Amino acid sequence: MTQAVKHPLKWRLADMDGTGTDQVNVVMPEMDAQSTHEILLATDIPSPHSSKMDISWTDEDLDLFHALVEKVLSGHDDPEQLDLANPEIVDILHMVAAAHFIEPVDADLVLADDVPTVLCEADLGELVAIHTQDGYKSCIIAELDSIEAVCVLLEPLILEDKNIDLEVYDTLVVNKHSLLPAEFGNVEPDTGTVVH
């Protein structure tokens with residue numbers, strides 16, 4: 001199903017699937033401006049509230065969404081018309097929901113020693129890696145300032161000795177000097193990458 005990306009987008013915190021657990025859902029109006037119907041997409045992100053409510057997307061949500069669409073779907077003809085059955089679009093919506101609703105953990109609890117490498121300037125929505133005590137982990141930059149980045153994990157991070165069990169889409173606050181190029185993580189190298 002192809003859907004126009006229109007404002008206002010909303011988050012609906014509710015148990016839409018009848019599982020007994022409130023989840024974060026994405027609500028968008030149908031393409032037809034005269035229609036009162038809504039398109040509802042469930043995410044795997046648990047609601048931080050115990051009551052049903054709708055919350056408007058923030059400017060930060062929209063900025064991250066557009067940055068991720070641009071980076072993930074760079075060859076897409078029309079970024080305003082998205083296929084909601086596309087798993088990459090579903091992943092993007094999960095990442096934006098995670099960045100908005102999941103309280104980030106301090107990465108200092110899980111990071112391993114810094115890796116000497118050339119640091120490049122990171123950007124919103126960019127794929128990077130971090131060196132953790134559970135190996136190199138891929139993540140997406142969801143928020144960025146001059147010192148720190150909030151990153152959404154793209155793979156689990158488990159440290160049994162510290163009782164830390166982070167799942168895909170959990171978030172971390174990482175000092176920018178600890179961000180590594182994406183090639184350090186669990187990603188497919190591109191054609192210009194030399195793997196040693």
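**Starting from Glu-38**

Mentor: Let's start at Glu-38, which is partly exposed because its relative accessibility is 39%. On that scale, buried is under 20% relative accessible area, exposed is over 50%, and partly exposed is in between, with a 1.4 Å probe and only protein chains counted. Keep in mind that this is a predicted model: local features need pLDDT of at least 70, side-chain atom pairs count only at pLDDT 80 or more, and totals for chains, interfaces and linings use all residues. Residues are numbered from 1 along each chain as its sequence is written, and side-chain values use heavy atoms, with hydrogens and water left out.

So who does Glu-38 meet? Its side chain forms a salt bridge with Arg-12, at 3.2 Å from N to O. Glu-38 sits in strand β4 (residues 38-46) and Arg-12 in strand β2, so this pair links distant parts of the chain, 26 residues apart. A salt bridge here is a side-chain nitrogen of Lys or Arg within 4 Å of a carboxyl oxygen of Asp or Glu. Strands are DSSP E runs of at least two residues and helices are H or I runs of at least four, numbered from the N terminus.

A search of the whole structure turns up 6 salt bridges. One of them joins Glu-121 to Lys-176, with the closest N and O atoms 3.4 Å apart. Glu-121 is in the loop between β7 (105-106) and β8 (127-132), and Lys-176 is in the loop between β13 and β14, so the pair ties together parts that are 55 residues apart in sequence. Glu-121 is exposed at 62% relative accessible area, while Lys-176 is partly exposed at 22%. Another salt bridge brings together Lys-137 and Asp-134, again given as N to O, at 3.2 Å. Lys-137 is buried at 9%, and Asp-134 is partly exposed at 30%.

Back in strand β2, have a look at Trp-11. The structure holds 4 aromatic pairs, and Trp-11 and Trp-57 make a stacked one, 4.7 Å centre to centre with 15° between the planes. Trp-11 is in β2 (residues 10-14) and Trp-57 is in the loop between β5 (53-56) and α1, so the pair ties together parts 46 residues apart in sequence. Rings of Phe, Tyr and Trp (its six-membered ring) pair if their centres lie within 6.5 Å; planes under 30 degrees apart count as stacked, over 60 as edge-to-face and the rest as tilted. Both tryptophans are buried: Trp-11 at 0% relative accessibility and Trp-57 at 5%. Another pair, Tyr-136 with Phe-184, is tilted, at 5.6 Å centre to centre and 45° between the planes. Ring pairs also link Trp-11, Trp-57, Phe-65 and Phe-101 into a cluster.

One last thing, about phi. Most residues other than glycine have a negative phi. Asn-163 has a positive phi of about 55° although it is not a glycine, and it lies in the loop between β11 (157-159) and β12 (164-166). Asn-163 is exposed, at 73% relative accessible area. Tyr-169 also has a positive phi, near 80°, but Tyr-169 counts as buried at 13%.
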